[in-house]
Amino acid sequence: ERKVKVEPAKLKFKAVDKNITDEVTVPKGYSVAILTALGDPILAGVPAFQNDGTDANYAGRIGDHGDALYYFGLGVKTGRRDDNSSLRGILAQNHENLNIQYLHPNGPTTSASGTRPEEEAMKEIEAHGVSFVEIRDTAKLGSGEGSRKGGDGGKKIPSTWEFVQGGPLNRRVTPNTPTEIYGPVRGSDLLKTKFSPAGTAGRGTINNCANGVTLWASLLTCEENWAFYFLRSGDDAQRSPEELVALRRYGVTSSTGNYGWASVSASAWPQDVFDKWDARAKTDDPADAVTDYRNEPNQYGWVVEIDPYNPNAAPRKRTALGRFAHEGAWLGKITRGRPVSVYMGDDSRNEYFYKFVSAAKWDPQDALAEDRLAVGDKYLDNGTLYVARFNEDGTGTWLPLVFGQVPNPAGYEFADQADILVHARLAADAVGATTMDRPEWTATNPVTGEVYLTLTNNRASSRPITAVNAPNPRFYNDPSPASANNYGNPNGHIVRIRERESNPGATRFTWDVYLFGADSQDPDQPGVDRNISELGNANDFSSPDGLWFSRPQNAGGQVAPLAWIQTDDGSMDDRTNDQMLVAFPGKVGDGDRITVGGMDAAGMASSQQTVMGTAATSANLRRFLVGPNECEITGVDSTPDGRTLFVGIQHPGEDGTPDAPSSNWPQSQSGNQSGRPRSGVVAITKDDGGVVGL
Ligand code: FEO
Ligand code: CA
Ligand code: CA
Ligand code: CA
């Protein structure tokens, strides 16, 4: 390998002030344009979006609650994969959930007898999933057919980026799209359903949250809060005690299912696609799973691989990576001859941090294979799933979740490896993994290989304030006003790990805390140091969630990548909307011993901040963006040249009503304070054409 001397980057922009204006605000010298938004028609023939609740055809539109995104390059002339193209690409985006009130003329309806109308449920189902849409820089390429015409009202914002309706690779994957089960769970009794009595196929993907991208240019989309869509209560007598242990551990307990889809009486669609959300066992014979829908929840909770360059290829559920509330799935730094690793958070309170390590060793020739999903078969179907144990002294261990090595947890006996993977949480409990304050995104520093993990927050109602552990050391203790949110870890933090000998297959690692969130205006209480990273007005934040390192080829690879942090704010709502910060993550590879600030003995464990690069400080961490009202900032990528940054604005106005929307974004971005809010993606450019952030 050629050694490139990588210099620390310098942040050159002036921090954006906290604000509650209903706009995306960015530093002076930068511009924001709307690229896509909920309802934009992406398939040919789908009519323009009216945004008044009358629109249908969401399987041909951008879905709701845009979450993680990724830009896959396309050759300007060829329209085929080109990883270096910064002018034309496919924007892949997850559609996690709904602002349901804005999807229908007057909000969702339910009949007196408790049934949901089919027409409404069809929209709600299809507004979930994943979208793929061609985008292009029209300043260089000219306008595409049917592109966005800046139709958000108000003054027109100059944008050179537009999406192309009817692009040949445009695609929607929804909760109805046929999928294939791959890996060790394929064919297991636990996956046998009416749809697939052989247990080899499934229908769709849901609650897609964060993502990952492979070295062979496929998308990994992650199923997070799938459990709550299923009606599953009242059937305890038909379930075995072991099944109940598993269902409760995963939270498959709802008495309605999120949106009551199982109540629909179908005429336009097959009845099955609604009935499948009723996961109640109708008999006590497990073999009846192929006539009722009791195993349907086992189809979800996976990492799903999709080929963005082949719209005809069915998504593959990669079961070797385990089943839980998958936040994201980011690859570790990979080199020739070493295994491929994937880092994954399970985002619920007190859940775990996981790693998958492939059995196959990386062959760089696979990066350019035409059959991308076949490469996925090679690296993602055969390997070992591990869960993290963090020790008090700044070391940690990856514990293998392998049948025969994992003890049985209370009330459950594993049958085989498929059972371990379907019930990875139970296996992780049994091996003694470390509970965390809601593991969200992971990101890999492409230069050092260090892996960062956001821990968004936790509260005392779920984690008693004294139940801290080394990587989740903080308890916030504010008796006034008395509220569960005032105890625990309301502002979150970011943990960083380094594998032993930088080997992705290592079973030992070291770790430290890179950064603690805080509200700098919230004064410390005696004995409790809340603002451990000493954040100030230019960079205080709460609830880190999205996390991403800028592409390493930015600025010719001579500058260390930047870490981008996105928030899903819990505790600073009165002073600012959700935001995005950027950090230079430390002197690269210097291995300095650092201290993240003294934590008070009255409040926290304090021995573990001893490990790696430089911690974030006010000098190298700065607020870059503030979002519109009631949004979450989630989803980020750039063009390969780093000169256009794409950022997701999720669920603006989530607490409003159709008559009184609490945000008018994206219309408000151009001064039009009316209309229903829409999740969307913005394209951010620097006015001098430079690399964003530098
Ligand atoms: Fe969908 Fe954990 O955020
Ligand atoms: Ca998230
Ligand atoms: Ca979140
Ligand atoms: Ca949210």
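A nonpolar core here is a set of buried Ala, Val, Leu, Ile, Met, Phe, Trp, Tyr and Cys residues joined through C-beta atoms within 7 Å. In this predicted model, the largest such core has 159 residues.

**Cores**
- Take Val-647: leaving out residues up to four places away in sequence, its contacts are Met-580, Leu-625, Ile-633, Gly-635, Val-636, Val-681, Val-682 and Ile-684.
- There's also a second, separate core of six residues, with Ala-59, Leu-98, Tyr-102 and Ala-127 among them.

**The nine-stranded sheet**
- This one is open and pairs antiparallel, running β13-β14-β16-β17-β18-β26-β25-β21-β20.
- β13 (330-331) and β20 (439-444) sit at the edges with a single partner strand each, so one side of each has no neighbour in the sheet.
- Further in, β21 (residues 451-455) and β25 (residues 493-499) are joined antiparallel by five bridges.
- Along that pairing, Val-451 faces Ile-497 of β25.

**Ile-565**
- You'll find Ile-565 in strand β28, which spans residues 563-567.
- Ile-565 counts as buried because it has 30 C-beta neighbours inside 10 Å, and the cut-off is 20 or more.
- Setting aside residues up to four places away in sequence, Ile-565 touches Pro-544, Leu-547, Met-580, Leu-581 and Ala-583.
- Met-580 turns up in the contacts of Val-647 as well as in those of Ile-565.
- Pro-41 lies 524 residues from Ile-565 in sequence, and the C-alpha to C-alpha separation is 30 Å.

Methods:
Residues numbered from 1 in each chain as written. Chains lettered and ligands numbered in written order. Predicted model: local features only at pLDDT ≥ 70, side-chain atom pairs only at ≥ 80, totals over all residues. Pairing = 2+ DSSP bridges. Helix = DSSP H or I, 4+ residues; strand = E, 2+ residues; numbered from the N terminus. Buried ≥ 20, exposed ≤ 12 C-beta atoms within 10 Å, placed from the backbone. Contact = placed C-beta atoms within 7 Å.
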